[in-house]
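User: I am new to this structure and would like a short tour. Could you take me through a few of its features?
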There are 2 protein chains.
Amino acid sequence: MSKKKEKPIAVSVIKRLPVYYRFLTTLHSKGVERISSSELAEKLGVTASQIRQDLSQFGNFGQRGYGYRVANLKEAIAKILGLDNQMDMVLAGAGNLGKAIINYPNFKRRGFYIKGIFDVNPELIGQEVAGLLVQDISLLADFLTNNRIDIGIITTPPESAVDVADIFVRGGIRGIWNFAPVSLNYSGKVLVENVHISESLLTLSYMIDEKFGSKS
Amino acid sequence: MSKKKEKPIAVSVIKRLPVYYRFLTTLHSKGVERISSSELAEKLGVTASQIRQDLSQFGNFGQRGYGYRVANLKEAIAKILGLDNQMDMVLAGAGNLGKAIINYPNFKRRGFYIKGIFDVNPELIGQEVAGLLVQDISLLADFLTNNRIDIGIITTPPESAVDVADIFVRGGIRGIWNFAPVSLNYSGKVLVENVHISESLLTLSYMIDEKFGSKS
């Protein structure tokens, strides 16, 4: 209802922008200067008209017969995605998944900084991961009081995820990036983005059965 | 175009079924016997009419005024999702992310079995992960020739992902579960389900900016 933004952008479009961004970054690093919407479409497995429609919502990036300037389009999407802002994050759950996320490439370059890592496991507490010491989860609430953190990452087992999320919410976090197989619902007060790993596998499994039939 | 299935089910519906399934499994393990569509909706952050519409596509599960029988609905969804079939999987990339996936809970109980783990890193080759020895990636192609594998999991760095995917496709794999930040496109010959981790974070970051404004 706010008048701040001209037109709200559909979540489906938002979800495609990072895909465009990643691909344009690869092209740019390879020295490619321009690309047509049909080439982009082929590489990304969407239709050219979809790409033109998505990008037209943010301004006039393409030129008929020339295509898109890779560098310009990449920068424009980075701006739309807010990659020029810094986002500070904490992570709860320093097991394999947590470590994988912490070490995921390119976070820093895109403005994402992990400021604190927390766990309950005494074997993990005190370990160094990517230059930070894993802290006792009992210190998380205080840490959030003393540091302005934007995003809380949950890579704990499902049993602990809701408790951690509650600490995040009370600590004033604005978004939760949740990898645990639980549903978190804070009805808009805090944004939740789920990476539901097993749901993704079940979807693939269903599609395989549909397409190829069961193995018998 | 095939007449085998009465009506194809939208991917958006398929993606919600595992969410329903997971939640019903939790309810069932807590001894809950029935649930209304509005309770389900509230817990899962979707609308009750969405749930009724989704589930009505697969049969008549609910009873007006009574709701859904948790056990029946759970079993029915498991069947739709093909969880009564076994899916054999191999994984390439035995770093933190790969190990996290291999150790993800409940895979076996849902019929997903990891049959082989492969990596290029000599420090990882020979290590035991979840009862299997990590093998040299150079053995992957032969392994696929000698074993009927349904799903190939890619948890390698982006640079190796396309090469691994090509080995999977040549090896007769039917679906690729891809965690690497690259676009794989085999135009329907092989199904690809992506878990694009950084795209998910960029989406969250965009939504935070939209909702709360930049930190400045």
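This is a predicted model: local features need pLDDT of at least 70, side-chain atom pairs count only at pLDDT 80 or more; totals for chains, interfaces and linings use all residues.

User: Which residues of helix 3 of chain A are buried?

Analyst: Helix 3 spans residues 48-56 of chain A, and its buried residues are Ala48(A), Ile51(A), Asp54(A) and Leu55(A). Viewed down the helix axis, they fall within an arc of 130°, so they line one face of helix 3.

User: Why would residues three or four places apart point the same way?

Analyst: An α-helix has 3.6 residues a turn, so residues at that spacing point the same way.

User: Changing topic, how is chain A divided into domains?

Analyst: The domain assignment gives domain 1 (11-80) and domain 2 (87-199). Taken over C-alpha atoms, the centres of these two domains of chain A are 31 Å apart.

User: And Thr203(B), is that residue buried or exposed?

Analyst: Thr203(B) has 1% relative accessibility, so it counts as buried. Thr203(B) belongs to helix 8 (residues 197-212) of chain B.

User: What does Thr203(B) touch?

Analyst: Leaving aside residues up to four places away in sequence, Thr203(B) touches Ile14(A), Lys15(A), Pro18(A) and Glu193(A). A polar atom of the Thr203(B) side chain also lies 2.8 Å from the backbone oxygen of Glu199(B).

User: Which residues touch the most other members of the largest nonpolar core?

Analyst: That core has 107 residues, and the ones in question are Ile151(A), Trp177(A), Ile151(B) and Trp177(B). Ile151(A) has contacts including Phe112(A), Trp177(A), Leu201(B), Leu204(B) and Ile208(B).

Conventions: Residues are numbered from 1 along each chain as its sequence is written. Chains are lettered from A and ligands numbered from 1 in the order in which they are written. Side-chain values use heavy atoms; hydrogens and water are left out. Buried means under 20% relative accessible area, exposed over 50%, partly exposed in between (1.4 Å probe, protein chains only). Helices (H or I, at least four residues) and strands (E, at least two) are DSSP runs, numbered from the N terminus. The arc is that of the directions from the helix axis to the C-beta atoms. A polar contact is a pair of N or O atoms within 3.5 Å; within protein, one must be able to donate a hydrogen and the other to accept it, and residues adjacent in sequence count only if both atoms are side-chain atoms. Contact means heavy atoms within 4.5 Å. A nonpolar core is a set of buried Ala, Val, Leu, Ile, Met, Phe, Trp, Tyr and Cys residues joined through side-chain atoms within 4.5 Å. Domain bounds come from an automatic or database domain assignment.
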